[in-house]
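Thanks for coming. I will go through one model, its pocket and then its sheet.

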Amino acid sequence: MIEGEPLLRFKGQLQLEHLKKLNLYRYHMRRKGSALFFLIFFSLFFLYMHYVMEFSVLVTILIMLGGIVIGVIVGFSLLNRALTKEYVRDPAAHSEFIYTVTESGIEMESDRIRHFLGWEEFSAVFEYADMFILTVTPIKVNAIPKAFFNSTEEVEEFRRITNRKIPKNSRFEQKKGLF
């Protein structure tokens with residue numbers, strides 16, 4: 001299925017920690033919509049608590065802050081638990097993949113799966129301190145940890161290839177990472 005001469009070849013196995021970071025990064029990418037939702041929700045909650053329930057401003061703010069902290073802790077705990085269960089259940093998640101980068105796309109191959117994605121299928125690429133995230137749709141993404149590459153030169157070459165090959169209407173964003 002590989003079309004053309006391989007430009008890069010590297011391999012690696014996604015670990016549970018990679019998937020957890022991927023989820024954090026995906027949340028980070030969508031933070032504008034989430035921030036708007038929380039701003040509207042907590043504004044309405046504030047108005048309700050202050051004017052209808054007649055709590056003081058300080059008590060209302062403390063209740064809101066407590067709710068935010070508890071919500072974030074519970075949300076991330078449930079997400080991590082679901083991710084861990086999914087990772088354990090999915091045999092393909094435990095496979096080592098060989099990635100072959102060509103002029104026409106990326107082939108991902110393991111002992112169970114062989115999949116090719118052409119460059120035109122990607123809508124965006126995001127680079128973090130420890131991984132690249134190649135986006136096909138807002139839900140379908142491919143994470144490639146930088147640890148999979150054999151050298152920093154290969155990381156640089158992959159960056160140049162993706163910057164050149166991903167369609168121009170997409171964004172190439174280099175992020176420092178959350179950690």
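How do the residues of the lining of the largest pocket divide into nonpolar, polar and charged? They divide into 15 nonpolar, three polar and four charged; here Ala, Val, Leu, Ile, Met, Phe, Trp, Tyr, Cys and Pro are nonpolar, Asp, Glu, Lys and Arg are charged, and the others, Gly among them, are polar.

Before going on: this is a predicted model, where local features need pLDDT of at least 70, side-chain atom pairs count only at pLDDT 80 or more, and totals for chains, interfaces and linings use all residues. Residues are numbered from 1 along each chain as its sequence is written, and side-chain values use heavy atoms, with hydrogens and water left out.

Back to the pocket. A pocket is an open set of points on a 1 Å grid over the protein atoms alone, where a 1.4 Å probe fits, with protein on both sides within 12 Å along at least five of seven lines; lining residues have an atom within 4 Å of a point. The largest has a volume of about 690 Å³, that is, the space filled by probe spheres set on the points, which are joined across faces, edges and corners. Of its 22 lining residues, Leu14, Leu19, Asp90, Val141 and Asn142 lie nearest the centre. α1 gives the largest share, four residues.

Now the sheet. Strands are DSSP runs of E, at least two residues, and helices are runs of H or I, at least four, numbered from the N terminus; two strands pair if DSSP finds at least two bridges between them. Four strands form an open antiparallel sheet, ordered β1-β2-β3-β4. Its edge strands are β1 (8–12) and β4 (114–118). β3 (residues 105–109) pairs with β4 over five bridges, and glycine 105 stands opposite glycine 118 in β4.
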